[in-house]
Amino acid sequence: MNEPLLRAVGVSKSFGAHEVLTDVSLTVAPGEVSCIIGPSGSGKSTFLRCVNHLEKVSGGQLWVDGERVGYRRKGDKLYELREHETAKRRADIGMVFQQFNLFAHKTALENVIEGPVVVRRRDKRQATERAMALLERVGLADRAGHYPSQLSGGQQQRVAIARALAMEPKLMLFDEPTSALDPELVGEVLDVMKDLAREGMTMLVVTHEMGFAREVADTVHFMADGRLVESAAPAELFGNPRHERTRGFLSKVLA
Amino acid sequence: MTVATPPRTQEQDLPVVPVRHGGRWVAAAAIAVLVVWVVGSMASNERFQWDVVGEYLFSEQILRGLGNTVLLTFCAMLLASVLGTIVAIGRLSENPIVSRAAWTYAWLFRGTPAIVQLLFWFFLAALVPTLGFGIPFGPTFFQVDTNTVISAFTAAILGLGLNEAAYTSEIVRSGLLSVPAGQREAAKSIGMTSGQSLRRIVLPQALRVIVPPMGNETIGMLKTSSLVIVIGFTELMTSASQIYSRNYQTIPLLVVAAIWYLALTAVLSIGQYFLEKRLSRGVAGQRTVVAK
């Protein structure tokens with residue numbers, strides 16, 4: 001059995017007195033596609049943000065590729081990471097946001113080469129070539145010179161995926177990537193994600209797209225009230241949910 | 001039940017009468033009358049002494065004052081922009097000491113009159129006779145007489161620039177806060193440090209919000225710089241007043257000064273227009289030229 005790429009053990013997170021994550025444990029193997037589903041406010045997005053340290057966990061541990069998130073081990077002590085060390089780790093984890101968050105003052109192409117050139121210090125011409133290939137892959141090579149405001153939501157999200165891929169991440173995090181899209185634009189983004197999954201990218205996807213989870217995921221995790229209720233293969237989880245809470249949720253969203 | 005159908009076929013063929021903007025014609029006529037009356041009475045009023053205005057408009061003393069006004073405004077705004085940006089970033093720092101120090105700076109320099117600050121820097125020597133560089137309470141490596149460092153010009157730049165920096169810091173801070181948090185998060189997610197994200201992602205977008213009020217401040221500084229008269233530094237306004245205190249041609253020389261201030265303001269406004277256009281790249285609703 002492979003060492004998991006992502007391992008969470010008893011992760012909890014509180015904002016003040018409000019606990020949004022309680023004792024979440026899960027693993028994602030290399031090449032695995034995992035979806036997290038559940039009602040709004042169940043802590044799915046918070047968990048995802050903890051994985052690349054946009055949020056600091058209040059309890060429990062997270063490991064990505066064998067390295068403890070937020071800490072560096074030296075001898076028998078754990079040292080909290082300095083900002084540039086955290087930044088370096090984040091560069092290896094791609095993240096796609098619900099609101100796209102493309103850099104508004106940069107064109108699609110400039111958005112994609114920003115990371116390679118500024119963070120990885122790649123040669124600009126090589127980065128541009130690679131970025132054009134990535135834009136081609138998400139079907140937007142002809143939109144390279146457009147600013148985000150000149151692109152549709154679906155196009156923006158595909159550029160955002162290309163921007164994340166440009167860093168050659170070992171893990172891709174998707175935070176409700178289609179929730180802010182008009183219904184007719186959801187398909188184009190899901191298609192890009194399906195391609196990625198087929199090519200063996202390790203993905204952790206918070207989503208409300210049950211069809212996508214059922215079709216693409218290797219494992220589906222159901223979260224409610226900050227807890228991981230159950231995890232199973234999609235056929236199992238959708239076809240034969242074991243928990244009352246899961247059944248209740250599925251009966252509402254699949255109705 | 002019958003419903004009267006509108007006579008569509010006929011209506012399609014009818015000519016369309018656009019809305020008439022009668023108010024515009026009334027406004028245009030009223031403004032034209034007003035302009036002719038004001039300009040006419042100014043031009044024909046001998047007490048304006050336009051010949052004297054013409055005589056002094058390009059006089060050497062006025063031009064020297066004009067040059068100093070431009071120099072003072074440029075140097076003070078440069079100091080204010082750099083220092084104001086640093087103070088604004090300090091205000092938003094997570095380091096509580098830095099953030100409070102930045103707040104105190106803005107409080108102190110916004111809270112005291114610019115004229116007091118100018119006099120303070122000019123008379124610094126009275127408080128601190130020598131300026132030195134060394135270890136506090138320890139040896140000094142280098143020491144000068146304060147009066148040799150603080151000329152009227154350096155006192156003017158310090159007084160105006162440090163005062164303006166306090167206002168600038170608030171403008172820059174509002175600009176930084178106007179950039180959505182998602183931009184910073186996206187920068188973090190591709191592995192940028194907060195310094196990289198500030199320089200490459202946040203500040204360039206904040207500039208769009210910062211530039212218009214900074215244009216205001218710069219135009220204000222053109223005129224605020226006339227305060228340096230209290231420390232004996234001559235700029236445009238001082239030059240004009242020196243001349244009219246000699247020859248009592250007060251009104252014509254005030255007109256000379258006003259003409260130059262208006263000319264400088266026009267130049268700055270045009271510059272600001274192009275700067276704003278350049279910074280509006282990527283903003284929804286702006287048709288920008290697509291690069292590449």
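Reader: Which residues does A:Ile161 touch, not counting residues up to four places away in sequence?

Author: This is a predicted model, in which local features need pLDDT of at least 70, side-chain atom pairs count only at pLDDT 80 or more, and totals for chains, interfaces and linings use all residues. Residues are numbered from 1 along each chain as its sequence is written, and side-chain values use heavy atoms, without hydrogens and water. Contact means heavy atoms within 4.5 Å. On that basis, the residues touched by A:Ile161 are A:Val96, A:Met172, A:Phe174, A:Val189, A:Val192, A:Met193 and A:Leu196.

Reader: How many residues does the largest nonpolar core have?

Author: A nonpolar core is a set of buried Ala, Val, Leu, Ile, Met, Phe, Trp, Tyr and Cys residues joined through side-chain atoms within 4.5 Å; buried means under 20% relative accessible area, exposed over 50%, and partly exposed in between (1.4 Å probe, protein chains only). Among the residues with the most contacts inside the largest core are A:Ile161, A:Met172, A:Phe174 and A:Met193. The number of residues in this core is 52.

Reader: Which helix of chain A gives the most to this core?

Author: Helices (H or I, at least four residues) and strands (E, at least two) are DSSP runs, numbered from the N terminus. The helix in question spans residues 186-198 and gives 7 residues to the core. It is helix α6.

Reader: Is A:Thr178 buried or exposed?

Author: A:Thr178 lies in the loop between β9 (171-175) and α6 of chain A. Its contacts, leaving out residues up to four places away in sequence, are A:Val186, A:Val189, A:Leu190 and A:Glu209. With a relative accessible area of 6%, A:Thr178 is buried.

Reader: Which residues is B:Ile259 in contact with, leaving aside its neighbours within four places in sequence?

Author: B:Ile259 belongs to helix α13 (residues 250-279) of chain B and counts as partly exposed, at 33% relative accessibility. Its C-alpha atom is separated by 20 Å from that of B:Leu34, 225 residues apart along the chain. The contacts of B:Ile259 are B:Val53 and B:Leu57.

Key:
Chains lettered and ligands numbered in written order.
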